[in-house]
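Dear colleague,

Please find below the structure that I am handing over to you, together with its sequence. My notes on the findings follow directly after it.

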Amino acid sequence: MEFAPLNVPLNRRLETAAVLFHVMNFTLFPILSFVIPLILLFSPFFPLVIAYFIYLYYDWDTPAKGSRPSEWFRNWSIWKRFADYFPVKIVKTAEIPPDHNYIFGSHPHGVICHGIFCAAGTEGAGFSKIFPGIIPSLGYSENPVYDAAQEMAGHGYGVYLRC
């Protein structure tokens with residue numbers, strides 16, 4: 001295994017760490033959200049698992065209702081470094097009034113759509129500064145690698161399932 005040379009700037013290392021955080025969020029979270037309740041089910045903490053399943057049942061339709069986007073989560077400083085890694089930039093070609101609804105199209109490549117996630121799912125690329133008053137809400141199609149835990153992880157970003 002070879003590590004990055006020592007002369008790589010700290011800023012670039014932090015950008016790489018931000019991407020690693022995002023990728024691990026979408027790879028480890030689904031596994032841990034299955035394994036941890038399974039382990040706790042056979043422990044003295046099993047009431048927590050029962051409470052979790054009650055909440056899951058109650059919250060099942062939230063993605064179809066627009067999710068619960070969190071401005072606090074969307075504005076984490078890690079997303080700016082995430083955007084700078086690729087680099088993701090939003091190019092505004094026209095003034096659009098915020099009193100209408102709009103559809104922004106994106107044709108991502110791959111399973112995890114880093115570009116549109118960074119541009120509209122977070123404030124990493126400065127969406128709300130470029131389009132003030134417009135509240136983005138990402139939708140995605142169900143695919144073979146879709147997982148309910150990924151859906152739950154996406155709630156903080158304002159991501160919801162659109163079939």
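**The loop between α4 and α5**

P87 has its place in the loop between α4 and α5. The peptide bond that leads from F86 to P87 is cis, with omega near -15°. Helices here are DSSP runs of H or I with at least four residues, strands are runs of E with at least two, and both are numbered from the N terminus.

**Basis of the values**

The model is predicted, so local features need pLDDT of at least 70 and side-chain atom pairs count only at pLDDT 80 or more, whereas totals for chains, interfaces and linings use all residues. Residues are numbered from 1 along each chain as its sequence is written, and side-chain values use heavy atoms, with hydrogens and water left out.

**The chain as a whole**

The chain has 7 helices and 2 strands, and along the sequence they follow the pattern α-α-α-α-α-α-β-α-β. Of its 163 residues, 31% count as buried; buried means under 20% relative accessible area, exposed means over 50%, and partly exposed lies in between (1.4 Å probe, protein chains only). A contact is taken as heavy atoms within 4.5 Å. Among contacts between residues at least 6 apart in sequence, 68% join residues at least 24 apart.

The unreviewed UniProt entry carries the annotation "transmembrane region" for residues 31-58. UniProt positions are given in the numbering used here, feature names are shortened, and annotations may be inferred rather than shown by experiment. Over residues 31-58 the chain is 86% helix and 0% strand, and the C-alpha atoms at the ends are 22 Å apart.

Two packed helices are described by the angle between their axes and the distance between the axes. The axes of helix α1 (residues 10-41) and α2 come within 7 Å and cross at roughly 135°. That makes α1 oblique to α2. The contact is made by S33, P37, L40 and L41 on the α1 side and by F46, V49 and Y52 on the α2 side. The crossing of α1 and α2 is left-handed.

Axes are lines fitted to C-alpha atoms, for helices over the stretch in contact, and angles run from 0 to 180 degrees between N-to-C directions. Angles under 35 degrees count as roughly parallel, over 145 as roughly antiparallel, 65 to 115 as roughly perpendicular and the rest as oblique. A crossing is left-handed if the near helix is turned anticlockwise from the far one by less than a right angle, and right-handed if clockwise.

The buried residues are H114, F117, C118, A119, A120 and G121.

Helix α4 (residues 78-85) and α5 pack at an angle of about 135°, and their axes are 10 Å apart. That makes α4 oblique to α5. W79, F82 and A83 of α4 make the contact with H114, F117 and C118 of α5. α4 passes α5 in a left-handed crossing.

H114 has a relative accessible area of 19%. Leaving aside residues up to four places away in sequence, H114 touches H22, V23, F82 and F86.

**Polar residues in the loops**

A polar contact is a pair of N or O atoms within 3.5 Å; within protein, one must be able to donate a hydrogen and the other to accept it, and residues adjacent in sequence count only if both atoms are side-chain atoms.

- T62 sits in the loop between α2 (46-58) and α3 (71-74). T62 is buried, at 13% relative accessible area, and its side chain is joined to that of D59 by a polar contact of 2.5 Å.
- S70 lies in the loop between α2 and α3 and is partly exposed, at 22%. The side chain of S70 reaches the backbone nitrogen of F73 at 3.1 Å.
- E123 is in the loop between α5 and α6 (127-130) and is buried, at 14%. The side chains of E123 and S128 make a polar contact (2.9 Å). The C-alpha atoms of E123 and R74 are separated by 5.7 Å, although these residues are 49 residues apart along the chain.

Yours sincerely
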